[in-house]
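This report describes a predicted model.

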Amino acid sequence: MSAMSYSPGGRVARWFYSVAAGFALFSGFGQMPIFKRYYLADIPGLAWTADYYATSDLHYLAAALLLGMLAWRLALDTRAPGAAWSWGPRSWWGWTLLGLLVVSGAAKVLRNLGIFLPPPLIMVLDFTHLGSAMAFMFTGLAVLLRPKPRPQTA
């Protein structure tokens with residue numbers, strides 16, 4: 001079974017996963033006021049990136065889509081254990097990063113809903129969420145840019 005052979009949902013699932021992860025990363029960086037500061041919001045068509053609430057809503061939407069896709073994958077993985085998936089994390093490193101993102105993100109959502117968390121814990125959650133998001137982004141870029149294996153010729 002090749003790495004590209006098991007993909008329930010086909011290309012649509014891969015595109016949804018890629019778009020959800022990309023929008024989650026992009027809108028997550030939008031939670032810090034860097035798009036206005038570094039003039040990204042001045043590019044025609046990207047003025048909405050300076051609106052905190054728009055990027056926050058987009059971040060929640062992308063995270064919900066990503067969580068749904070990962071739940072679907074985990075459910076299907078119980079039926080076909082050991083399959084080589086064409087989308088989503090393929091190693092313990094990817095699952096660890098996504099787990100850290102989910103746990104720290106859920107705690108941040110609880111804080112935003114008004115549940116009191118001690119300030120040092122909030123700082124740890126922020127750094128954990130940001131650090132694991134950056135590690136996830138750089139890992140994904142490394143996977144995309146690595147040389148592809150050449151097909152075997154007889």
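## A charged residue and its partners

At 28% relative accessibility, Asp126 counts as partly exposed; buried means under 20% relative accessible area, exposed over 50%, and partly exposed in between (1.4 Å probe, protein chains only). Asp126 lies in helix H5 and Arg111 in helix H4, so the pair ties together parts that are 15 residues apart in sequence. Helices (H or I, at least four residues) and strands (E, at least two) are DSSP runs, numbered from the N terminus. The side chains of Asp126 and Arg111 meet in a salt bridge of 3.9 Å, N to O. The term salt bridge denotes a side-chain nitrogen of Lys or Arg within 4 Å of a carboxyl oxygen of Asp or Glu. Salt bridges that share partners join Lys108, Arg111 and Asp126 into one network.

Asp126 also forms a salt bridge with Lys108, at 2.6 Å, N to O. Here too the pair links H5 with H4, and the parts tied together are 18 residues apart in sequence. Lys108 is partly exposed, with a relative accessible area of 21%, and Arg111 is partly exposed at 26%. The structure holds three salt bridges; one of them joins the side chains of Asp42 and Lys36 (3.8 Å, N to O). Asp42 is partly exposed at 47% relative accessible area.

## Basis of the values

Residues are numbered from 1 along each chain as its sequence is written, and side-chain values use heavy atoms, with hydrogens and water left out. In this predicted model, local features need pLDDT of at least 70 and side-chain atom pairs count only at pLDDT 80 or more, whereas totals for chains, interfaces and linings use all residues.

## Overall fold

The chain has five helices and zero strands. Its C-alpha atoms fill a box of roughly 60 × 40 × 25 Å, taken along the principal axes. Of its 154 residues, 29% count as buried. Contact means heavy atoms within 4.5 Å; among contacts between residues at least 6 apart in sequence, 65% join residues at least 24 apart.

The buried residues of H5 are Ile122, Leu125, His129, Ser132, Ala133 and Phe136. Their cover includes helix H1 (10-30), H3 and helix H4 (92-112). Ser132 is buried at 4% relative accessibility; leaving aside neighbours within four places in sequence, Ser132 is in contact with Leu97, Leu100 and Leu101.

The largest nonpolar core has 18 residues, and those with the most contacts inside it are Tyr17, Leu66, Trp87, Leu98 and Phe136. Such a core is a set of buried Ala, Val, Leu, Ile, Met, Phe, Trp, Tyr and Cys residues joined through side-chain atoms within 4.5 Å. With the same exclusion of neighbours within four places in sequence, Phe136 is in contact with Tyr17, Ala21, Leu25, Leu97, Leu98 and Leu101.

## Surface features

Leu130, Met134, Phe138, Leu141, Leu144 and Leu145 form a nonpolar patch on the surface, with about 600 Å² of accessible area together. Patches are made of residues with over 30% relative accessible area and no salt bridge: like charges are joined within 9 Å, nonpolar side chains (Val, Leu, Ile, Met, Phe, Trp, Tyr) within 5 Å. Accessible areas come from the Shrake-Rupley method with a 1.4 Å probe; for residues, only the protein chains shown count as cover. Met134, found in helix H5, is partly exposed at 32% relative accessibility.
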